[in-house]
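Take a look at the model below.

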Amino acid sequence: MMTPFDVWAPMFRAPFSGDVTQEIVPRVFSPDIAGSAEIEARIQTDVASYGTQLGKVLEALQTLAAATKTDLPEIDALVAQIEGVKDQSKDTIRADAERALARLKAVDKDGWRTLTRSE
């Protein structure tokens, strides 16, 4: 059943009424990608995410800086900010996991026991 407001729905959108997340992945036929988008996609999905790759680069830079006694304050600050975000996210991720486990326990106690090794 349509309401009178359904006619206007395409014209008016409330904030956050559509997709509010964006997955960043190479597009196969994009002219913006140098190299092979297929290879990039396989690396990102099968080997390591962009975050993991960048984390390794930052770790290598910090190791080289320490070995050569070179200060890299911007890199150190970036690593500290990343670690701060990870620390702040732990509580949210833990709460999400607890809610998911509670839902699993309600519908599949055997599955819940397997995951939690509880009785």
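In which kind of crossing, left-handed or right-handed, does H2 pass H3? The crossing is left-handed. Keep in mind that this model is predicted.

## The two helices H2 and H3

Helix H2 covers residues 50-67. H2 has 18 residues. From first C-alpha to last, H2 reaches 26 Å, close to the 26 Å expected at 1.5 Å a residue. After H2 comes Lys69, with a positive phi near 55 degrees.

Helix H3 takes in residues 73-107, which makes 35 residues. H3 reaches 51 Å between its first and last C-alpha, close to the expected 51 Å. H3 also bends, by about 35 degrees, at Lys90.

## Where H2 meets H3

H2 and H3 pack at an angle of about 135 degrees. Their axes are 10 Å apart.

Which residues meet here? From H2 come Leu58, Leu61 and Gln62. From H3 come Ile75, Asp76, Leu78, Val79 and Ile82. By class, this contact has six nonpolar residues, one polar and one charged.

An α-helix has 3.6 residues a turn, so residues three or four places apart point the same way.

## Where H3 meets H4

Helix H4 spans residues 109-116. H3 and H4 pack at about 135 degrees, with axes 6 Å apart. That angle makes H3 oblique to H4.

On the H3 side, the contact uses Leu101, Leu104, Lys105 and Val107. On the H4 side are Lys109, Gly111, Trp112, Leu115 and Thr116. By class, there are five nonpolar, two polar and two charged residues in this contact.

Notes:
Residues numbered from 1 in each chain as written. Predicted model: local features only at pLDDT ≥ 70, side-chain atom pairs only at ≥ 80, totals over all residues. Heavy atoms only, no water. Helix = DSSP H or I, 4+ residues; strand = E, 2+ residues; numbered from the N terminus. Expected span 1.5 Å × (residues − 1). Bend = angle between axes of the 7 residues up to and from the residue. Axes fitted to C-alpha atoms, helices over the stretch in contact; angles between N-to-C directions. Left-handed = near helix turned anticlockwise from the far one by under 90°. Contact = heavy atoms within 4.5 Å. Nonpolar A, V, L, I, M, F, W, Y, C, P; charged D, E, K, R; others polar. Parallel < 35°, antiparallel > 145°, perpendicular 65-115°, else oblique.
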